[in-house]
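Subject: Structure handover

Hi,

Here is the structure I promised to pass on. Please open it alongside this note.

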Amino acid sequence: MQKRIAVIYGDGIGREVITQALRILESTADKYGHTFIFEEVLAGGCAIDKCGQCLPQESLEICKQSDSVLLGAVGGPKWDNEPSHNRPEKALLTLRKELGLFANIRPATLLPQLRKASPLKDEILNCGIDFIIVRELIGGAYFGEHKIEQINGEKVATDGMTYSASQIESIAKVAFDIARKRKKQVISVDKANVLSSSRLWREVVESVAKNYPDVQLSHMYVDNAAMQICRAPSQFDVLLTENMFGDILSDEASVITGTIGVIPSASLSLGTLGLYEPIHGSAPDIAGEDKANPIGTILSAAMMLELSFGLTKESEAIQRAVQEALEKGYRTGDMMSEGCTLVGCKQMGDIILESI
Ligand code: IPM
Ligand code: MG
């Protein structure tokens, strides 16, 4: 199989973690007889530095023409004063919108090796953590009307949280389809006691559920969901939610599984094109120090193989190699615990590579 992969290193630790993921992808390709052609694409703060734009048109075109996109991280304090239409994060949001990446899949799975890194008590961890957040990615407050105006002599800011029924329907179907292959439970998270968009959300999710009689649907308010994720995470199988709630809850879900550093994500369109990225940010505080955890990016690459290219065996080989490295006790700083061996980003890459 031959595939073209657009690679966005981005900012901060982005280059370090992507470099390791590309080594793993290359060796997987060699071993299984595939060819991956990597094309570097400029986006984020580094693109602002080089050409004044967070997402040059050429970058967008290359991504559109690729079979999938692998992204490290974008953003950093250096670009905090950029106007909102040209912040590094805007590059990511534009990519999501332009590529039609409406479905963001973020797994929260407690790897047995990382138990000690979780802040939760043993009695909670004993029940297991294994759920998937299905986050709507191109609607809601992120893409509603944004404005700051002068009203009665003061500034007034508005961010519209807008959802159409068809947007909700599309993401709900993704969640139900995933649930069908798992424990057949969807918990839809909203704020229907306050927000109109959430009331429509609930209505549409319920109507989609009628086509999935084998899947059990329940609803949860987002404030309660935030509490339940740390109080009793084993109750979740598929958590379906809108864009901003999903952003917040997925950070919470990542930390209870040990570290945000190992969580991958897939942003999917209706076709096979997807964008794969770790859910952590650019971590400017450790950038360039070889301290970053490359596992979130490596597992994102594994998701790409499975979900965009249908290479399940290859994807599993990468996941197994990651588990082996953890099994042997190797840890980057973010997931370090007693008795383990502290390694840097590159060395973690070396160790995982050995197992491929
Ligand atoms: C994420 C990030 C992004 C988001 C930022 C960088 C715009 O936090 O992917 O979770 O809010 O979606
Ligand atoms: Mg986030």
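Below is what I found in it, topic by topic.

Ground rules. This is a predicted model: local features need pLDDT of at least 70, side-chain atom pairs count only at pLDDT 80 or more, and totals for chains, interfaces and linings use all residues. Residues are numbered from 1 along each chain as its sequence is written, chains are lettered from A and ligands numbered from 1 in the order written, and side-chain values use heavy atoms, without hydrogens and water.

Helix α1. Helices (H or I, at least four residues) and strands (E, at least two) are DSSP runs, numbered from the N terminus. Helix α1 covers residues 14-32, which is 19 residues. The expected span of a helix is 1.5 Å times one less than its number of residues. For α1 that gives 27 Å, and the end C-alpha atoms are 27 Å apart, so the two agree. Gly33 follows α1, with a positive phi near 75°.

Buried means under 20% relative accessible area, exposed over 50%, and partly exposed in between (1.4 Å probe, protein chains only). The buried residues of α1 include Val17, Ile18, Ala21, Leu22 and Leu25. The general rule is that an α-helix has 3.6 residues a turn, so residues three or four places apart point the same way. The buried residues of α1 pack against strands β1 (2-10), β2 (35-40) and β3 (68-73). They also pack against helices α10 (295-307), α11 (312-327) and α12 (345-355). Contact here means heavy atoms within 4.5 Å.

Cores. A nonpolar core is a set of buried Ala, Val, Leu, Ile, Met, Phe, Trp, Tyr and Cys residues joined through side-chain atoms within 4.5 Å. The largest one has 65 residues. Among those with the most contacts inside it are Leu70, Val134, Phe176 and Ile352. Domain 1 (1-105 + 261-356) and domain 2 (119-256) both contribute residues, so this core lies between them. The domain bounds come from an automatic or database domain assignment. A second, separate core has 21 residues, including Cys54, Leu55, Ile62 and Val74.

Aromatic pairs. Rings of Phe, Tyr and Trp (its six-membered ring) pair if their centres lie within 6.5 Å; planes under 30 degrees apart count as stacked, over 60 as edge-to-face and the rest as tilted. The count is 4 pairs. One of them is Phe36 with Phe309, tilted, at 6.0 Å centre to centre and 35° between the planes. Phe36 is in strand β2 and Phe309 in the loop between α10 and α11, 273 residues apart. Phe36 is buried at 9% relative accessibility. Phe309 is buried too, at 7%.

Phe176 and Tyr212 form a stacked pair, 5.0 Å centre to centre with 25° between the planes. Phe176 is in helix α6 (165-180) and Tyr212 in the loop between α7 (196-209) and β9 (216-221), so the pair ties together parts 36 residues apart in sequence. Phe176 is buried at 0%, and Tyr212 at 8%. Beyond its neighbours within four places in sequence, Phe176 also has contacts that include Val186, Val205 and Leu217.

Charges over rings. The test is NZ of Lys or CZ of Arg within 6 Å of the ring centre and within 35 degrees of the ring normal. Arg15 sits over Tyr9, 3.9 Å from the ring centre. Arg135 lies over Tyr142 at 5.3 Å.

Backbone. Asn152 is not a glycine, yet its phi is positive, about 50°. Asn152 is in the loop between β6 (146-151) and β7 (154-159), and is exposed at 80%.

Best wishes
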